[in-house]
Amino acid sequence: MPTALAWHTAHDRLKQLTLDHRELLGAYAASELPDIPALQAAAAHADSLHRLAPDAVMTPHRRTTLAAQTADSATPAPELLSLGVVLRDELGTWAAELNDPSLRSDADELIKQPLGSVARRLRAHLAPLREAIALLDTLTAVGRRAGGASERTVSVARAAVAAAHKARRETAPFAAEEATHRRLFGPWYGGLDTDPSHLRDDARGVVTGHEATGQLLRLAWEASEPTGTAGPDQVARAGAQDIELLGRYAPDGHPDSDLLRRAIETARTVEKLAAGALADPARRARLAEGMTDGRPEPHEALRQAERIRSELEIWQSHAGLPHLSGAGHQLLALPLDEAARWFRAHVEPFEDAADLVHSVARVADTPHDLTLGRAREAVTAVVQARAAAARFTEDSSAHRGLLGELYRSTATNRSDVLDALDWAQKVRRTSDGAHSAPLTPAAAHTMLTAPADPSVAQRHQDWRRQRDALAEHFQPPRDRDLRRELQQSLSAARTYLSRLDDDPYGPEAWTSCAQALTRLKGYGLDGLPGQLAQRDVSAAEFPAAMERAVLTAWIERRFELDARLKPMRAVERDQLVERFRMADRDLVEAAHADVIAACNDRRPRRTSVGQAAVLRRQAQLKSRHMPVRRLLGETREVVRLIKPCFMMSPLTVSQFLPSDFRFDVVIFDEASQVLPQDAVNSIYRGDALIVAGDQKQLPPTSFFSAGGDSDEDDEWDEDGAVGFESVLDACKASGVLRGLPLRWHYRSRHENLIAFSNHEFYDNTMVTFPGALEQSPDVGVEFIKADGVYDKGGRSNNPLEAARVAQRVIHHFPTRPGLTLGVVALSKVQAEAIEEAVQKARAARPDLDRFFTDDRLDGFFVKNLETVQGDERDVIILSVAATDPTSRASSPRRSAPSTGRAAGGGSTSPSPAPGAGWRSWPPSTAATCATAPTRACST
């Protein structure tokens, strides 16, 4: 049965939730119960979207777009599906790449990180890895050519690079002479790889254009070899005749190969440039005589060569001009005579084009930036214009009949024709009331035959003057709108002016509006009415919208000026709250330490003599102790030093303290529960008095009083003593003590806990704090009717209501095991009835016995109002069990102690009339009274 009851409760709860949230569930809401598997799948789908696209979900526009593609019954776009397939394939590739040996050590960590973080991490390592791989590849290639080891590690590469740097430092002097060596060896220079022995091989020693240099280098190499090392196929060493033949090119008997190379290059240049002169013996002799070594310089020939060089440079620069870009390279490669023939063949067309450009430029007056293409376009346009003029003159008779005096052949003024058309349109509109309809034959005949009326122009000028005068009475931009309306036509102007005349309140409204706008302009808010009008704010909502805008601007300005109001991030706010909590805890702990230290400082240093010795001796006795009253009387000085604060009830004060035992301050807490006669024996013992209490709470119980409630006590007796219910009432009535009312209520985390008392008893004078949740199944106050009947003539209880309260108690602990529970009844007999009903209900649920403990702070209890003082629980069930309205149990003050007892929830369960039914709540929702698992404070 318990299992069936729990299943039925959960089923009813699920049905109620489905009914409450049917609009939210949408297609998932069936007739009674939702489609749980489909809901779970949808929730899993939503969780996946939140996890995969958190940025898109946080942005409203992107979230709307995402919902349109992925919501229930929505068909995703084909592009989205194709992108999903590509993304799935890429993710599969990425998962496969994680199994690579190089990533295996980091695979577990990488698979847990977002793809963006993984990409940034791999991108940070990509450039160094590429450089290392390039270095290894380079060193491997070098090692393969040198026949070295094929091991590829970063350490080996670093050792090779270090060796290369060392070799470079050692060969730096050789590299400094590279220019000289290159001039000496020519094409046979190979840096450190230069091998002079290669010159022995004719195949390698013969290079086109460098035959003489190779021959000289072989001779030099053979001359430098020791005697007897030359082979049989080598050329013999240069003798004395060769040295003499070289002349100044072999100083001290050693040939200067650089000078010889330049001399040979000069001879080849002469052979190339003066091939015809070298073919004629006479001319060759004269050329050799002028250029032979040792002859004086031919100054005239050098000057001619310089002029030729200048002309060639000019020719080369002209060949690179843009208009010769297509043929410039070919012309430079041709001999000069062939290039000259090419230019002669193109001169005549160039001259014709130049004549055309000059002619068009003179006519168009654009002599500088006119090109051949634009000149041809201009000529074509002239030809087409002449053809169009010829076609136009062919229809001159028809055009003259249509335009009349306005027709002047090709010289017809287009503006005059357009002005005539505008005039005709105005005539049509004027005659037909703003409509451009054709004139009737009679009207057209009148227009042609009637003489001109000079008064019409005068009246028109007068109309324009009055129209402008009227518009000047309006402010911009209204004046421009008015002019535009009045300029349309006379009939339209008449209609518009009639509308203005039919509005008698218009000027007054406009004046008020102008004054209001002027006042707003003084505050810099003149643009606000226009903005509100653009947003279609109605006239009724305009004042509230204006006030909201002004207050919003004021708040924003306050935020800018006050650094304390600047917005903070949620993380910073949480950190600030945590620092405050830590400081508060440290302060509380420090206060304990300060009190303990102060008490320790007051303790007597010697306990072997005096009053301290008496206390020590009494503490060590096992029996026959000194009476407490006498002990305190004999050791009062030391006792007050050791225990400066006594916490006692008025009865124990009279019982244990001597009559002359005094204090600096006497404090009464819960003074509304202390009778004046009980408080007197404590008040006279203090030099100062503090009384704390609440007159709205229960007065001292009169259970043991005899006749205390008779009507005769309400009569005034001049000789009788004035009666007060409590010492609090007596102190407030005396007028001697200054009252300090408590205005703040901060312990209840939901306003509903204190709202009733604040409104009914304290006239809304207390400052309360709103809860984090305004409405929820687990917070606030829940009012529940019970089908109970008050047994007025019998046991004065409500057994049906007690059974219903017991049912709610049994329901509470399985559904909210983490929240403490208490039951408060307005009478002792009702509390006993509830206690009995709970015991019976517990018999059917032995599994809940662990919740019914005697823990003073968190255990379950059932108490009446007189005994519930000081008890606090997360949830309080208040059983009203309506009694006789004339009895003391119906006093409004009896509700005050219970309204502040619940911190997490509570309920009231009255039975106002026989047959009244409980108002149903969701089965899984306990009757709630307040939010948050914190203690409430009774006011």
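Reader: Which residues are buried in H40?
Author: In this predicted model, the buried residues of H40 are Gln-830, Ala-831, Ala-833, Ile-834, Ala-837, Val-838 and Arg-842.

Reader: How many residues has H40, and how far does it reach?
Author: H40 runs over residues 828–844 and has 17 residues. From its first C-alpha to its last it reaches 25 Å, close to the 24 Å expected at 1.5 Å a residue.

Reader: What caps the N-terminal end of H40?
Author: Ser-827 does, with a side-chain oxygen 3.3 Å from the backbone nitrogen of Gln-830.

Reader: Gln-830 again. Why does it count as buried?
Author: Because its relative accessibility is 0%, and buried means under 20%.

Reader: And what does Gln-830 contact, its neighbours in sequence aside?
Author: Leaving out neighbours within four places in sequence, Gln-830 is in contact with Asn-797, Asn-798, Glu-801, Ala-802, Ala-825, Ser-879 and Ala-881. With Asn-798 there is a polar pair: the backbone nitrogen of Asn-798 lies 2.8 Å from a polar atom of the Gln-830 side chain.

Reader: Let me step back. How many helices and strands does the chain have?
Author: The secondary structure comes to 41 helices and 7 strands.

Reader: What share of the residues is buried?
Author: Buried residues make up 22% of the 939 residues in the chain.

Reader: And the surface, what does it come to?
Author: The accessible surface of the chain is about 66,100 Å². Carbon and sulfur atoms account for 57% of that.

Reader: Of contacts between residues at least 6 apart in sequence, how many join residues at least 24 apart?
Author: The share is 56%.

Reader: Which residues make the nonpolar surface patch of about 390 Å²?
Author: Trp-554, Ile-555, Phe-559 and Leu-565 make that patch.

Reader: Where does Phe-559 lie?
Author: Phe-559 is in helix H30, which covers residues 542–561. Phe-559 is partly exposed because its relative accessible area is 39%, and partly exposed is the range between buried, under 20%, and exposed, over 50%.

Reader: New topic: how many salt bridges does the structure hold?
Author: There are 18 salt bridges in the structure. One of them joins Arg-465 and Asp-462, with the closest N and O atoms 2.4 Å apart.

Reader: Where do Arg-465 and Asp-462 lie?
Author: Both are in helix H25 (residues 454–472), 3 residues apart, which is about one turn of the helix.

Reader: Is Arg-465 buried or exposed?
Author: Arg-465 is exposed, at a relative accessible area of 51%. Asp-462 is partly exposed, at 28%.

Reader: What about Glu-634, which residue does its side chain meet in a salt bridge?
Author: Arg-630, at 3.0 Å from N to O. Glu-634 and Arg-630 are 4 residues apart in helix H33 (residues 628–634), so about one helical turn separates them. Glu-634 counts as partly exposed because its relative accessibility is 35%, while Arg-630 counts as exposed at 52%.

Reader: Which residues do salt bridges with shared partners join into one network?
Author: Asp-468, Asp-479 and Arg-483.

Reader: And Glu-572, what does its side chain meet?
Author: The side chains of Glu-572 and Arg-569 meet in a salt bridge, 3.4 Å from N to O. Glu-572 is partly exposed, with a relative accessible area of 31%, and Arg-569 counts as exposed at 57%.

Reader: Back to H33. What does Arg-629 touch?
Author: Arg-629, which is found in helix H33, touches Ser-654, Gln-655, Phe-656, Leu-657, Pro-658 and Ser-659, not counting residues up to four places away in sequence. Arg-629 counts as partly exposed, at 35% relative accessibility.

Reader: How far apart are Arg-629 and Gln-655 in space and in sequence?
Author: They are 7.4 Å apart in space, C-alpha to C-alpha, and 26 residues apart in sequence.

Reader: Last one: where is Leu-259?
Author: Leu-259 is in helix H15 (residues 257–273) and is partly exposed, with a relative accessible area of 23%. Leu-259 and Tyr-249 are 10 residues apart in sequence, and their C-alpha atoms are 6.3 Å apart.

Key
Residues are numbered from 1 along each chain as its sequence is written. This is a predicted model: local features need pLDDT of at least 70, side-chain atom pairs count only at pLDDT 80 or more; totals for chains, interfaces and linings use all residues. Side-chain values use heavy atoms; hydrogens and water are left out. Patches are made of residues with over 30% relative accessible area and no salt bridge: like charges are joined within 9 Å, nonpolar side chains (Val, Leu, Ile, Met, Phe, Trp, Tyr) within 5 Å. Accessible areas come from the Shrake-Rupley method with a 1.4 Å probe; for residues, only the protein chains shown count as cover. A salt bridge is a side-chain nitrogen of Lys or Arg within 4 Å of a carboxyl oxygen of Asp or Glu. Helices (H or I, at least four residues) and strands (E, at least two) are DSSP runs, numbered from the N terminus. Buried means under 20% relative accessible area, exposed over 50%, partly exposed in between (1.4 Å probe, protein chains only). The expected span of a helix is 1.5 Å times one less than its number of residues. A polar contact is a pair of N or O atoms within 3.5 Å; within protein, one must be able to donate a hydrogen and the other to accept it, and residues adjacent in sequence count only if both atoms are side-chain atoms. Contact means heavy atoms within 4.5 Å.
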